[in-house]
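Subject: Handing over a structure

Dear colleague,

I am passing on to you the structure shown just below, and after it I set out what was found. Please keep it open beside this message while you read.

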Amino acid sequence: MIMSMSMASDISPAGGERGPHTTMVGGSKPLHRFIRGEPKSTGIVMMFMGSSLFILGIPMRQDTLMSSAETFTPFWLGILFIISGLLYVLTEKNPSKQLVTASLALSIISMLGVTVAFFEFLKGILHIRQSHDYYDHYHYDYNATESGRVVVPWRKQHMYQLISLEAVFMYQSLVGMVLLIVMTSFARVALRSSKTQAIVVMQDLPSPD
């Protein structure tokens with residue numbers, strides 16, 4: 001670890017009164033190492049992805065086919081992304097140990113959520129594929145003695161649309177995971193630097209003369 005040192009420059013001539021010298025070891029602003037990860041830009045991207053997850057999850061929840069929206073996965077993952085992104089933006093505007101610690105904690109929670117959500121999206125794709133055989137329209141034919149089966153082409157297209165949405169959710173969760181890992185690394189480095197920072201005050205003793 002490279003440690004920087006800054007010392008006070010107001011040293012009086014020999015024989016005169018000299019005040020204490022303050023030396024700061026570990027850098028003057030260690031929490032600003034978190035800013036190197038561009039938390040504002042990352043936060044905006046996270047909030048955009050979270051908003052799209054939440055908004056697109058609404059029509060999926062109302063759909064007749066079973067998808068990941070049945071377990072509200074796009075909603076709670078979107079909320080996690082939005083809150084994480086908002087914390088990143090606030091931390092860049094006002095870097096403090098409390099905000100960096102909160103960002104680190106929420107990033108770790110969000111990474112666990114992304115892991116669960118990824119498999120929920122994958123399970124949603126499998127459910128949609130399995131439901132395709134039963135996703136047909138039946139109508140009653142008054143000229144026949146029993147119901148007739150009608151193949152509706154747009155229903156198959158609708159199934160592929162839902163699968164595409166699930167695939168987009170999986171891609172967004174992977175991108176979010178990468179961003180969360182990067183920001184977690186910067187937050188840990190910043191907090192570790194703040195712990196190793198030390199302020200030493202050296203009081204000059206009077207001259208024996």
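Helix 2 and helix 3 are roughly antiparallel to each other, because the angle at which they pack is about 155° and angles over 145 degrees count as roughly antiparallel. Helix 2 covers residues 73–93 and helix 3 covers residues 97–131, and their axes are 9 Å apart. The crossing of this pair, helix 2 with helix 3, is left-handed, and the residues of their contact comprise 17 nonpolar, seven polar and one charged.

Helix 2 also packs against helix 1, which runs over residues 39–61, and here the angle is about 160° while the axes lie 7 Å apart. Helix 1 and helix 2 are therefore roughly antiparallel to each other as well, and their crossing is left-handed. In the contact of helix 1 with helix 2 there are 17 nonpolar residues, together with eight polar and three charged ones.

Please bear in mind that this is a predicted model, so I would ask you to read the confidence values with some care. The mean pLDDT of the chain is 76, and 67% of its residues reach 70 or more. Over residues 1–17 the pLDDT stays under 50, and the model gives this stretch 24 contacts beyond four places in sequence. Residues 137–151 likewise have a pLDDT below 50, and that stretch has 13 contacts in the model beyond near neighbours in sequence.

Turning to the record, an unreviewed UniProt entry places the feature "transmembrane region" at residues 42–60, 72–90, 99–119 and 169–191. How much of residues 99–119 is helix in the model, and how far apart are the end C-alpha atoms? That span is 100% helix and 0% strand, with its end C-alpha atoms 30 Å apart. Residues 169–191 are also 100% helix and 0% strand, and the end C-alpha atoms of this span lie 32 Å apart.

Conventions:
Residues numbered from 1 in each chain as written. Predicted model: local features only at pLDDT ≥ 70, side-chain atom pairs only at ≥ 80, totals over all residues. Heavy atoms only, no water. pLDDT = per-residue confidence, 0-100. Contact = heavy atoms within 4.5 Å. Axes fitted to C-alpha atoms, helices over the stretch in contact; angles between N-to-C directions. Helix = DSSP H or I, 4+ residues; strand = E, 2+ residues; numbered from the N terminus. Parallel < 35°, antiparallel > 145°, perpendicular 65-115°, else oblique. Left-handed = near helix turned anticlockwise from the far one by under 90°. Nonpolar A, V, L, I, M, F, W, Y, C, P; charged D, E, K, R; others polar. UniProt positions renumbered as here; feature names shortened; annotations may be inferred.
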